[in-house]
Number of protein chains: 2
Amino acid sequence: MHKTLPLPPLTAIRVFEAVARHGSFTKAATELGTTQAAVSYQIKVLEDRVGAPLFLRRPRQIALTEVGQRLAPAVTQAFEQLSEAYVTARGGAQGTLVISTIATFASNWLARRLGSFQIAHPSLAVRLQTEPHLVDFSREEVDIGIRSGRGDWPGLVAHRLINADFTPMLSPNLAASIGGVKEPADLLRLPLLDPGDPWWAKWFAAANVPAEGLSSRPGASMGAQAYEGNAATAGQGVAILTPAFFAAELADGRLVQPFDLLCNDDHAYWLVYPETRRNSPKISAFRQWILGEIGVSSR
Amino acid sequence: MHKTLPLPPLTAIRVFEAVARHGSFTKAATELGTTQAAVSYQIKVLEDRVGAPLFLRRPRQIALTEVGQRLAPAVTQAFEQLSEAYVTARGGAQGTLVISTIATFASNWLARRLGSFQIAHPSLAVRLQTEPHLVDFSREEVDIGIRSGRGDWPGLVAHRLINADFTPMLSPNLAASIGGVKEPADLLRLPLLDPGDPWWAKWFAAANVPAEGLSSRPGASMGAQAYEGNAATAGQGVAILTPAFFAAELADGRLVQPFDLLCNDDHAYWLVYPETRRNSPKISAFRQWILGEIGVSSR
DNA sequence: TACCATGCATAAGGCCATTTAATGCATAAG
DNA sequence: CTTATGCATTAAATGGCCTTATGCATGGTA
């Protein structure tokens, strides 16, 4: 077993490296953005530690001693390696954006638009992972999250993206099958998708339609808007959905929203990330992009 | 031209290296001889600089992030290189002792005894260089000097080795050739080596012998005691020499010192080295050795 | 389930390493 | 001989870093 010799102060080594490279205290000071006196001091510190002079002080010029000559190349190399590793790490840190979100948002909103972000930031690799729970940024390697909630997470910055509004939606054909949906109560004559969803009760209450025993009605509980939206588009029933997630279907007529009445249960979808990383370039880039997208789509 | 990205604080990098190696803030703190809080602080500093977390904080355990994984090996390697270079430089600095002295001292005193120093310090390589002038330690790569003078050099430590006493010496045969040298004036009947040397005038004055026109007497001016000593041993004349330099010749009878009268001109031989290097191991070793030798030989 | 041990985060405060500014000194250049 | 360059040195100011103390979350244990 051998005891490791403690390294001399790294500041001194860094200064030495610069001096050795320039062959001048003054020039090294300039490169390091410090004063010649500080350089002189640090070299003295290092010489004390090494136990021998590192430079010969000739008038208007210094020269490495043998000891200095042996030390300098290795030190320079070590610093180059450090610098390279740091730059690489920093680059890598900025080159991949990991997004954690929930399946609904990913498939109904993000998937369609993410391409424009990647085109705008070709050097950024995006890794999209869908997870059921809000990620813990201190434990998982995730840059940003998109989650529903109230926007009050401690330590996190949260930007409201879209409200979790909901309203019934169905295919035009299904509506026509009963001669059109004129008033809320008409919906009860059609199969409801996932009738046990509390959103139904809430919406019918807001519409002043008595609707008991909803949960006992037949209907599959699929639990994710994406699936229910597909089912509704296929004409299998009426779904209660968030319009913002089905802007495309509404625009091209695959789905219709028979009533303007929107409900919401106080939740919204939020973009979240740690406060401490507010200024990370890739996070800023994504924030700027997604808020822009929201602005566009809500017009 | 590319602008070099300034490295993050090296303290933080060093701490990171230890943490990455141990996989623990606490253990790294122990290795570094500091507190866990300091480690936590430095890691945070570095994470700010890199722009991304380097560790995932799992309960009772941390793990490197991808960025951290990319950074860690290179950093460890760089520090190993630094450490190795430092140890090597330090070893080299302590492994060679450069002595600058004058020819007389080297040949008449040092050469005979240096062997015992090298035996006592087999790992120390000794480089002996003879130069006419007192070396400037800040300009020449020299560890210690041996010079004559008054011992009052600013910035240097000076140990008095031997006094530059002088007294006439000659071979026993030469003395016998005139029936023995009984009193100082007898010397004037023999050839003097380098009669122009001011030492002769000084010594005869001290001996109360009138001796004018010494410099006009024939005789070679060799200027170095070593040569004059040899000439005297060979019986070519009387030399005025420093007894300490000819202890061996006096001991075995090759030379005799006819009179006890010693003169000196206020000079002495000194061991000198920079004050700042007083504690350098190799300098201490040499100082201890040579002062010991002086003690022995002056007994 | 309650309690204890482990490990990292955070806040406040102090200290010392480092820096700066000013000056001196030696030498080379003009 | 004068000027310019470059390093050394000093004292004083600064702030980065460390320490102490405490909190928080988790995992192990009775």
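Reader: Leaving aside its neighbours within four places in sequence, what is B:F16 in contact with?
Author: B:F16 is in contact with B:I43, B:L46, B:L54, B:F55, B:L64, B:G68, B:L71, B:A72 and B:V75. Contact means heavy atoms within 4.5 Å.
Reader: And how should I read the numbers and letters?
Author: This is a predicted model, where local features need pLDDT of at least 70 and side-chain atom pairs count only at pLDDT 80 or more, while totals for chains, interfaces and linings use all residues. Residues are numbered from 1 along each chain as its sequence is written, chains are lettered from A and ligands numbered from 1 in the order in which they are written, and side-chain values use heavy atoms, with hydrogens and water left out.
Reader: Ok, which residues touch the most other members of the largest nonpolar core?
Author: A:F16, A:V19, B:F16, B:V19 and B:F55 do, out of 64 residues in that core. A nonpolar core is a set of buried Ala, Val, Leu, Ile, Met, Phe, Trp, Tyr and Cys residues joined through side-chain atoms within 4.5 Å. Buried is under 20% relative accessible area, exposed is over 50%, and partly exposed is in between (1.4 Å probe, protein chains only).
Reader: What about a second core?
Author: A separate one has 34 residues, including A:L124, A:I144, A:A239 and A:W289.
Reader: Switching topic: how much do chain A and chain B bury between them?
Author: About 4,300 Å², with 63% of it on carbon and sulfur atoms. Buried area is the accessible area (1.4 Å probe) that two parts lose on being put together, summed over both. On chain A's side, A:L10, A:L82 and A:Y86 supply 16% of the area buried against chain B, more than any other three residues.
Reader: How many residues does the contact take from each chain?
Author: 44 residues from chain A and 44 residues from chain B.
Reader: How many salt bridges does the rule find across that interface?
Author: It finds 2, a salt bridge being a side-chain nitrogen of Lys or Arg within 4 Å of a carboxyl oxygen of Asp or Glu. Separately, the side chains of A:R127 and B:E66 meet in a salt bridge at 3.4 Å, N to O.
Reader: Last one: where is B:V126 placed?
Author: B:V126 lies in strand β4 (residues 125-130) of chain B. Strands (E, at least two residues) and helices (H or I, at least four) are DSSP runs, numbered from the N terminus. Not counting residues up to four places away in sequence, B:V126 touches B:L97, B:I99, B:L114, B:F117 and B:Q118.
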